Amino acid sequence: MSQSSKKMKANERREHVLSLLKQRAEPVTGSSLAEEMKVTRQVIVGDVSLLKARNEPIVATSQGYMYMTDAKEDLAFQRTIVCQHPGEETENELNILVDHGVHVQDVVVEHPIYGDLTAQLRISNRRDVKKFIQQVRSTQASFLLELTDGIHTHTIASDSREALDEAEAALEEAGILMEK
């Protein structure tokens with residue numbers, strides 16, 4: 001009986017996590033969910049994995065978990081760019097993109113064993129960039145580009161083709177965009 005109580009509590013907790021993610025437009029960190037639920041972050045990671053296995057459209061971004069709905073902003077223009085730079089240029093790269101009104105959807109590197117490794121970024125302004133860089137520093141995590149001598153791709157999006165073109169030109173001028 002104690003086991004079924006625990007399972008019920010776990011199911012209730014997962015439903016509450018799902019409800020919170022659906023209500024919030026901003027990403028929610030696993031740590032804040034863990035604090036709210038009075039469990040460890042690892043329990044939340046497991047809960048989110050189980051919710052994803054139920055085909056709930058939850059995405060783990062660099063800022064936290066997001067529930068992806070059709071109501072989310074869809075930008076009309078999107079493209080993939082190839083960049084190469086050392087990790088210490090990441091903040092500059094992202095600021096160039098967002099300063100041109102471009103949203104950085106993801107980063108992808110090609111790993112020799114695992115193939116494409118993709119991380120959802122969902123960065124759209126300098127505040128997001130600052131938060132992302134602070135997170136990397138505070139956790140002493142490595143940038144994915146460190147696995148590939150700095151070579152990586154980004155899916156970038158904007159409501160105008162011109163913004164994408166201007167951002168690419170600025171990256172090229174900064175020596176970040178790989179030659180086509």
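Colleague: Before we start, what does "buried" mean here?

Modeller: A residue is buried when its relative accessible area is under 20%. The model is predicted, and of the 180 residues of the chain, 39% count as buried by that cut-off.

Colleague: How many helices and strands does the chain have?

Modeller: The chain has 6 helices and 6 strands. Along the sequence they follow the pattern α-α-α-β-β-β-α-β-β-α-β-α.

Colleague: And what box do the C-alpha atoms fill?

Modeller: Taken along the principal axes, the C-alpha atoms fill a box of roughly 65 × 35 × 25 Å.

Colleague: What share of the contacts comes from residues 24 or more positions apart?

Modeller: Among contacts with a separation of 6 or more, 70% are made by residues 24 or more positions apart.

Colleague: Take Ile 123, then. What is it in contact with, leaving aside its neighbours within four places in sequence?

Modeller: The contacts of Ile 123 include Leu 94, Val 98, Val 102, Val 104, Val 129 and Phe 132. Ser 62, Gln 63, His 103 and Asp 128 are also in contact with Ile 123.

Colleague: Where is Leu 33 found, and why does it count as buried?

Modeller: Leu 33 is in helix α2, residues 30-37. Leu 33 counts as buried because its relative accessibility is 0%. Beyond its neighbours within four places in sequence, Leu 33 is in contact with Val 17, Leu 20, Leu 21, Val 28, Ile 44 and Tyr 65.

Colleague: What separates Leu 33 from Ala 169?

Modeller: Their C-alpha atoms are separated by 40 Å, and the two residues are 136 residues apart along the chain.

Colleague: Back to the helices. At what angle do α4 and α6 pack?

Modeller: The angle is about 150°, and the axes are 8 Å apart. Angles over 145 degrees count as roughly antiparallel, so α4 is roughly antiparallel to α6. The crossing of α4 past α6 is right-handed.

Colleague: Which residues make that contact?

Modeller: Glu 93, Ile 96 and Leu 97 of α4 meet Ala 167, Ala 170 and Leu 171 of α6. By type, the contact has 5 nonpolar residues, no polar ones and 1 charged.

Colleague: Is α4 mostly covered or mostly uncovered?

Modeller: Helix α4 is mostly covered, with 7 of its 10 residues buried. The buried residues are Thr 90, Glu 93, Leu 94, Asn 95, Ile 96, Leu 97 and Val 98. These residues pack against β3, β4, β5, α5, β6 (151-158) and α6. Just after α4, Gly 101 has a positive phi of about 80°.

Colleague: One last residue. Where does Thr 155 lie, and is it buried or exposed?

Modeller: Thr 155 lies in strand β6. Thr 155 counts as buried because its relative accessibility is 13%, and the cut-off is under 20%. Leaving aside neighbours within four places in sequence, Thr 155 is in contact with Gln 78, Arg 79, Thr 80, His 103, Val 104, Gln 105 and Asp 106.

Note on methods:
Residues are numbered from 1 along each chain as its sequence is written. This is a predicted model: local features need pLDDT of at least 70, side-chain atom pairs count only at pLDDT 80 or more; totals for chains, interfaces and linings use all residues. Side-chain values use heavy atoms; hydrogens and water are left out. Contact means heavy atoms within 4.5 Å. Axes are lines fitted to C-alpha atoms, for helices over the stretch in contact, and angles run from 0 to 180 degrees between N-to-C directions. Helices (H or I, at least four residues) and strands (E, at least two) are DSSP runs, numbered from the N terminus. Angles under 35 degrees count as roughly parallel, over 145 as roughly antiparallel, 65 to 115 as roughly perpendicular and the rest as oblique. A crossing is left-handed if the near helix is turned anticlockwise from the far one by less than a right angle, and right-handed if clockwise. Ala, Val, Leu, Ile, Met, Phe, Trp, Tyr, Cys and Pro count as nonpolar, Asp, Glu, Lys and Arg as charged, and the others, Gly among them, as polar. Buried means under 20% relative accessible area, exposed over 50%, partly exposed in between (1.4 Å probe, protein chains only).
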